Amino acid sequence: MITDLWYKNAVIYCLSVGTFMDANGDGIGDFAGLERRLDYLQGLGVTAVWLMPFQPSPKRDGGYDISDYYGVDPAYGSLGDFVAFTHAAKQRGLRVLIDLVVNHTSDRHPWFQEARKDPDSPYRDWYVWSKEKPATADEGMVFPGVQKTTWTWDAQAKAYYFHRFFDFQPDLNTANPAVMAEILKIMGFWIQLGVSGFRMDAVPFVIAQKGAGLKGEPREQFDMLRDFREFLQWRKGDAIILAEANILPKQDLDYFGDDADRMHMMFNFQVNQATFYALAAHDARPLAKAIARTKPRPLSCQWGTFLRNHDELDLGRLTDKQRALVFEKFGPEKGMQLYDRGIRRRLAPMLDGDPRRIRLAYALMFALPGTPVLRYGDEIGMGDDLALKERDCARTPMQWTSEAHGGFTVSDRPVMPVIDHGPYGFRHINVAQQRHEQDSLLSWMQSVIRMRKEAPEIGWGEVTALETGRNAVLALRYDWRNNAVLCVHNLDPGPIEVSVETGVPEPEGHLLVDLLTGQRSEADAHGRHCLCLEGYGYHWFRVGGLDAPLRRAPA
């Protein structure tokens, strides 16, 4: 049983240990360096830190090819360093989430090496094999254009093995009870070392049926999700799973569970993609529809809202016309795109570095229904290096100061080049400079995070899109425990005047108080508020004023 729904009003910060802060001067970020920066994260206002894979790995896919689930890559430190980090995070009130990558392993993992050697090995059935190349071997690739097949011949095993991702990432046979038991063991191990939950990678593939003889689309085995959830609640009552599942809205409850007995959280890819279309088209209507389509969910479950992450911006759920417009506005050059379905850029350069547009985009993200997830460096408007391959362009080291290599390392050989030229170079974009500027993006981000935490209605409440009469304006009202917050965003570059009826009865609905400025709006005789929004402007209002909770009856 869940004892604490802390994730409903959290602010999650995603980072890669290897590119965040280097403490020992070898050019690679480590847990000692991350521990030194916890005060920065606490000051920023985030409440949870999500770590990308840090376990031992050949690193042919950014660490998502794991070769040991029970260790820390020596480049990042030791298990002792990890425990010291989680303890220091706990002291500061920060929770730690880590990636759980169990759809596949590295082909160098000892399990796979044992499975290859002997068909009678107990590890043979931990993977998915076929003596003949399946007819569907050239279908279902995750990385089309880079990946040519999902079944590869292994000369030592004298069989084909299945890999939904790259050929060096053989899929685990998750239907095998021994594999499931091992996954639970992995979860228990890291829970014991201080983590508060997991971001589970590629969940639809983890639970999909796997094998050469399958006909039609492989069915998901949703009971696995219940097993993960039950184990987690047994070991640590308030631990969670945040699922990466880019699915259609009709499947949402399959992953959450009708009785909230499967995934605690899921990333809302539908709303994410609709958000970028809305920003490109200056049209909020498709975004409002995406919010409505993903609205039904159990009360104890939650969406994870985000703009950019460590992967490309996937646009696969948009129509061809919508996708073409987003490409045109945010990734017009071929080198900015990936797999013909997404954009591999950071947010700031996508929005031409325009402070108004960047702030609007993040104000919108923090006001969407769910829990916001922020990518490291986006709080200062970091850029990308399109000269780097594929998704590495948006995974460059954190820019702390204007010193060499952005203060990330004293080594002359950083694990990845720090952006050192152009308007997004570390001499112009860094934490040290922005923390002393009152109007910097970092200062603004601290303010909006604080405002978001003071508006729990957004994380907990029921959302309603209000009619504004203007396609470019999105107005969302959140109701929770007889309190209401109204968030209004103008996606157009020009100023717009709108008339909005809050839908909250008098007397509370008569007054709006801006959470950022304290300015007040009083309704006219018809109960409508006349609001003037500057170009790319936004306002968050407490309906009924700051003292509304005192004047209104408790739930």
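Predicted model: local features only at pLDDT ≥ 70, side-chain atom pairs only at ≥ 80, totals over all residues.

Residues are numbered from 1 along each chain as its sequence is written, and side-chain values use heavy atoms, with hydrogens and water left out.

**Salt bridges**

- The structure holds 26 salt bridges, each defined as a side-chain nitrogen of Lys or Arg within 4 Å of a carboxyl oxygen of Asp or Glu.
- Aspartate 154 and arginine 116 form one of them, at 2.8 Å from N to O. Aspartate 154 belongs to strand β5 (residues 151-154) and arginine 116 to helix α4 (residues 110-117), so the pair ties together parts that are 38 residues apart in sequence. Helices (H or I, at least four residues) and strands (E, at least two) are DSSP runs, numbered from the N terminus.
- Aspartate 154 is buried at 6% relative accessible area, and arginine 116 is buried at 18%. Buried means under 20% relative accessible area, exposed over 50%, and partly exposed in between (1.4 Å probe, protein chains only).
- Arginine 542 and glutamate 457 meet in a salt bridge of 2.4 Å, N to O. The former lies in strand β22 (residues 538-543) and the latter in helix α16 (residues 456-460), so the pair ties together parts that are 85 residues apart in sequence.
- Arginine 542 is buried at 8% relative accessibility, as is glutamate 457 at 3%.
- Salt bridges that share partners join Asp61, Asp311, Glu312, Arg341, Arg391 and Arg395 into one network.

**A buried arginine without a salt bridge**

- Arginine 164 occupies the loop between β6 (159-162) and α5 (177-192).
- Although buried, arginine 164 has no salt bridge, and the nearest side chain of opposite charge, aspartate 171, is 5.5 Å away. Lys and Arg count as positive and Asp and Glu as negative; His and the chain ends are not counted.
- A polar atom of the arginine 164 side chain lies 2.9 Å from the backbone oxygen of glycine 140.

**Backbone geometry**

- Most residues other than glycine have a negative phi, and most peptide bonds are trans.
- The peptide bond from glutamate 506 to proline 507 is cis, with omega near 5°.
- Lysine 59 has a positive phi near 60° and is partly exposed, at 37% relative accessibility.
- Alanine 260 has a positive phi of about 55° and is buried, at 14% relative accessibility.

**Lining of a pocket**

- The lining of the second largest pocket comprises 12 nonpolar, six polar and nine charged residues. Ala, Val, Leu, Ile, Met, Phe, Trp, Tyr, Cys and Pro count as nonpolar, Asp, Glu, Lys and Arg as charged, and the others, Gly among them, as polar.

Terms used
Polar contact = N/O pair within 3.5 Å; in protein donor to acceptor, adjacent residues only side chain to side chain.
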